[in-house]
Amino acid sequence: NEYKSYLSYSAILYSFRMAWRSHGKSNKDLVDQLRNNNIIKTAAVYNAMAAVDRKDFCPTGPYKDNPQPIGSNATISAPHIHAYALELLKNHLQPGNNVLDVGSGSGYLTVCMAIMVGEAGRVTGIEHIKELVNFSLENTRKSHASLLSSKRINFIVGDGRLGYPEGAPYDCIHVGAAAETIPQHLIEQLSMGGRMVCPVGPRGTVQEFIQLDKDEKGNVSHKKIMDVVYVPLTDKNKQI
């Protein structure tokens with residue numbers, strides 16, 4: 001058992017070290033690098049990320065495996081972070097599932113998730129800065145306008161820390177900025193059997209990327225996946 005644990009830890013450490021090396025020359029090259037480095041593990045995640053060209057959402061360095069600025073003191077996360085999130089949520093991003101993307105920013109991951117949940121699924125992206133909501137709408141219209149016209153995606157302006165009760169319950173919730181503590185409003189809006197991933201920790205420090213699961217009886221458990229550094233989940237006045 002100790003040997004198996006060592007192998008598991010070594011595999012995780014290797015993947016984390018390789019993550020930042022997954023730069024590409026094109027979107028396909030980027031996604032291939034993420035798969036080659038064992039960050040993308042499943043066809044569902046590979047196909048979703050291959051179908052959504054980051055250059056539609058990222059003004060600079062779209063194929064670099066680093067966070068990039070998108071305005072309003074916000075960033076689009078590095079591709080390997082998006083890949084990790086999608087892999088953790090993949091079993092809750094099934095056709096017909098209902099999803100909440102908190103701090104949807106550029107709209108990139110919202111679109112990836114919408115592709116994974118299919119025509120019967122719905123994804124709500126909530127962002128507290130109107131300019132970023134407009135940015136995500138503009139980005140999505142470039143190559144995926146049908147996701148908006150069909151209402152498979154709904155981008156709204158709102159305080160993501162409070163979730164979006166009108167659309168709850170959610171099969172999965174992705175939080176794209178670091179909360180000081182796990183937001184209770186989001187736990188309440190998670191469906192029985194649902195999963196949430198959320199970076200947790202103070203601004204300006206190394207934070208923990210947490211996977212939270214709610215079982216069919218409503219019991220909640222969580223575990224740390226890895227250390228991360230995210231911008232804070234805050235209010236508009238503190239961000240801009």
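1. The protein has 9 helices and 9 strands. Helices (H or I, at least four residues) and strands (E, at least two) are DSSP runs, numbered from the N terminus. This is a predicted model, in which local features need pLDDT of at least 70 and side-chain atom pairs count only at pLDDT 80 or more, while totals for chains, interfaces and linings use all residues. Residues are numbered from 1 along each chain as its sequence is written, and side-chain values use heavy atoms, with hydrogens and water left out.

2. Overall burial comes next. Of the 240 residues, 52% count as buried. Buried means under 20% relative accessible area, exposed over 50%, and partly exposed in between (1.4 Å probe, protein chains only). Take contacts between residues at least 6 apart in sequence: 56% of them join residues at least 24 apart. Contact means heavy atoms within 4.5 Å.

3. Two strands pair if DSSP finds at least two bridges between them.

4. Strand 3 (residues 98-102) pairs with strand 4 (residues 122-127) in the parallel sense, over 5 bridges. Asn98 stands opposite Arg122 in strand 4.

5. How many residues of strand 3 are buried? The count is 5 of the 5, so strand 3 is largely enclosed by the rest of the structure. Asn98, Leu100 and Val102 point one way, and Val99 and Asp101 the other. Asp101 has Gly125 in strand 4 as its bridge partner.

6. The largest pocket has a volume of about 560 Å³. On a 1 Å grid over the protein atoms alone, a pocket is an open set of points with protein on both sides within 12 Å along at least five of seven lines, and lining residues have an atom within 4 Å of a point. Its lining counts 40 residues, of which Thr75, Ser77, Gly176, Tyr230 and Val231 lie nearest the centre. Elements giving two or more residues to that lining include strand 2 (74-76), helix 4 (79-89) and helix 5 (108-117). By class, the lining has 20 nonpolar, 15 polar and 5 charged residues.

7. Helix 2 (residues 27-36) has Asn27, Leu30, Val31, Asp32 and Leu34 buried. The buried residues of helix 2 pack against helix 3 (43-51) and helix 4. Asn38 follows helix 2 and has a positive phi, near 65°.

8. Two single sites remain. Cys58 is in the loop between helix 3 and strand 1 (68-71). Cys58 is buried, at 2% relative accessible area. Leaving aside neighbours within four places in sequence, Cys58 is in contact with Gln68 and Ile76. Cys58 and Gln68 are 10 residues apart in sequence and 7.1 Å apart in space, C-alpha to C-alpha. Ser191 sits in strand 7 (residues 190-200). Ser191 counts as buried, at 11% relative accessibility. Not counting residues up to four places away in sequence, Ser191 touches Pro169, Tyr170, Asp171 and Lys214.

How values were computed:
1 Å grid on protein atoms, 1.4 Å probe; cavity = no way out; pocket = protein on both sides within 12 Å on 5 of 7 lines; lining within 4 Å. Points joined across faces, edges and corners; volume = space filled by probe spheres on them. Nonpolar A, V, L, I, M, F, W, Y, C, P; charged D, E, K, R; others polar.
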